[in-house]
Amino acid sequence: MKKETWKELTIGTINLDAGNSVKNLTGTWRSGHKPEFIADNCIQCFFCWLYCPHFAILVEDEEVIGINYDYCTGCGMCAEECPSKEKSIVMVKEEIKLAEGGTT
Amino acid sequence: MSTLKTLNGNQTIAEAVRQIDPDVLAAYPITPSTAIVETIAKFKADGLITGEFVCPESEHSAMSVCIGSASAGGRVMTATASQGLALMWEMLYIAAGLRLPIIAAIVNRSLSAPINIHGDHSDTMGARDAGWIQIYSENCQEAYDNFIQAFRIAEHLDVRTPTLVGLDGFIISHSMEVIQVEDDQIVKEFVGEYQPVYPLLDTSRKFTVGPIDFTDYYFEHKRNQIEGIENAPPVIEQVGKEFGEKFGRAYGFFEEYRMDDAETCIVVMSSAAGTCKDAIDELREEGKRIGLLKPRVFRPFPDKKIAEALKNMNAVAVLDRCSSPGAFGAPLFTEIRNALYDYDQRPKVVNYVYGLGGRDIRVEHFKEVAEELDKIAGTGKVEKIYSYVNLRE
Ligand code: SF4
Ligand code: SF4
């Protein structure tokens, strides 16, 4: 993604590209751990969805169905907060990849 | 038709506010600027202004209200002093970063501790890197004139940078002076209609104000901000000239007093410059070739212009009404000495800190400084680069 020079930017930090945070793939920040969703344990309490700071919990037909790894930073909050008897989200190791796109 | 009115510094600012009638006035009263806020409140109660008058719970909130209102698209102002400006600190940087042309009248006052309500420049000098344009006034008339011009400068589309106008606490804010108040309509015309840039109230466009920047954009946005204040000099010049054409009092970056054949020079800002002029007159009568340079615009700093005006002097004393503990001299001094560095021929420059917490500086004190300058000019030697005026040693 080509980034603007200071001369090309709009005055006063104004961002005319409203909603452009979808382009900011915060998943590229993940380093070493990612959450894994175990559907069979899930009680659909939505705590993970509530706590996730990056809206990375995937929901379909009003049910939690997994993780959006484009935006999940691997912070582990969902796994920590998940209250089901057997955890429905666990953190697992993943290989560190060098990011492409996204922000540094 | 302009009229002569007897007003003190605070009232002159309030008078200009009434004439300009900004959309939003948000301020928290603090000595010695209280009367500005009080008088504006009275104007509002009497139906003399239409702008919203907001009295929030602190100066931090006052500047926050200014930022919100200016982002919404309003012409906005505040007034404060000392601790009040200090409490606005983090918001000052935000106003500048968002390029909001907010206008602030700052009644210059010392900073605690020890607590003191009197005039010095510690407050605005502390904010000198906040990104605001800074204009200083010698007397009530200049405070009125500068305040009116500030709107034109800050709001110019090339500039769009918040601007503060300083006037000395008590010495100016509370001293009555006969000033020329210009006609309401002509002042309104001079200031002109406000044109907001990307106002949030324009709901036909989608955009974000004040988003987060990471390491990949912050630097570019900061550079973009700097451009605004760097574009200000020709605008300040033009507005000062136009003001002169319209009202008969022209303004530049600084005033030179009896500088034509001067060999030594005292540099001092704001109210003390008035006293200094009397000292210069007396010294001139004694045959001394001394002049005064009174900076008006401190940010953006007119480095080349000041250096050109001073480069042929033998010795220059820069008087700062604030200290900069641990630094190599106080702010005005470091700027001026730095500006002269690239000249092969340049004067010896010394620094005096004076008037902290409202301590008087009188004609005899300027004469002491002049005597020291004579010595330096005669011997070419500087004994003390940094000293104090009227301090018990
Ligand atoms: S690890 Fe953090 S970012 Fe990723 S889904 Fe869980 S809460 Fe969201
Ligand atoms: S917090 Fe755990 S149990 Fe609750 S919805 Fe999320 S994954 Fe399911």
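**Two chains, residue by residue**

With a relative accessibility of 39%, B:Arg258 counts as partly exposed, a class that lies between buried (under 20% relative accessible area) and exposed (over 50%), as judged with a 1.4 Å probe and protein chains only. The model is a predicted one, in which local features need pLDDT of at least 70 and side-chain atom pairs count only at pLDDT 80 or more, while totals for chains, interfaces and linings use all residues. Residues are numbered from 1 along each chain as its sequence is written, chains are lettered from A and ligands numbered from 1 in the order in which they are written, and side-chain values use heavy atoms, with hydrogens and water left out.

B:Arg258 sits in the loop between β9 (254-257) and β10 (264-267) of chain B, where helices (H or I, at least four residues) and strands (E, at least two) are DSSP runs numbered from the N terminus. Its phi is near 50°, a positive value in a residue other than glycine. B:Arg99 also has a positive phi, near 55°, and is found in the loop between α5 (89-97) and β5 of chain B. B:Arg99 counts as buried because its relative accessible area is 8%.

Chain B also contains cis peptide bonds. One joins B:Thr31 and B:Pro32, with omega at about 0°, and B:Pro32 belongs to the loop between β2 (24-26) and α2 of chain B. Another joins B:Ala113 and B:Pro114, with omega at about -5°, and B:Pro114 belongs to the loop between β5 (103-108) and α6 (122-126) of chain B.

How do helices α1 and α2 of chain B cross? The axes of α1 (residues 9-20) and α2 (residues 34-45) come within 8 Å and cross at roughly 35°; such axes are lines fitted to C-alpha atoms, for helices over the stretch in contact, and the angles run from 0 to 180 degrees between N-to-C directions. On the α1(B) side, the residues that meet α2(B) include B:Ile13, B:Val17 and B:Arg18, and their partners include B:Ile36, B:Ile40 and B:Phe43, contact meaning heavy atoms within 4.5 Å. The residues of this contact divide into seven nonpolar, two polar and two charged, where Ala, Val, Leu, Ile, Met, Phe, Trp, Tyr, Cys and Pro count as nonpolar, Asp, Glu, Lys and Arg as charged, and the others, Gly among them, as polar.

In the loop between β3 (52-54) and α3 (59-72) of chain B lies B:Glu57, which counts as exposed because its relative accessibility is 61%. A polar contact of 3.0 Å links its side chain to that of B:Ser61; such a contact is a pair of N or O atoms within 3.5 Å, of which, within protein, one must be able to donate a hydrogen and the other to accept it, and residues adjacent in sequence count only if both atoms are side-chain atoms.

In chain A, A:Arg30 is placed in the segment before β1 (33-37) and is buried, because its relative accessibility is 11%. Its side chain makes a polar contact with the side chain of A:Glu94 at 2.6 Å, and also reaches the backbone oxygen of A:Tyr69 at 2.8 Å.

The residues around ligand 1 include A:Cys72, A:Thr73 and A:Gly74, each with a heavy atom within 4 Å of the ligand, and these three residues are also touched by A:Arg30. By class, the shell around ligand 1 has nine nonpolar, three polar and no charged residues. Around ligand 2 there are 13 residues, the closest being A:Cys42, A:Cys45, A:Phe46, A:Cys48 and A:Cys82, and this shell has eleven nonpolar, two polar and no charged residues.

Key: Lists of a residue's contacts leave out its neighbours within four places in sequence.
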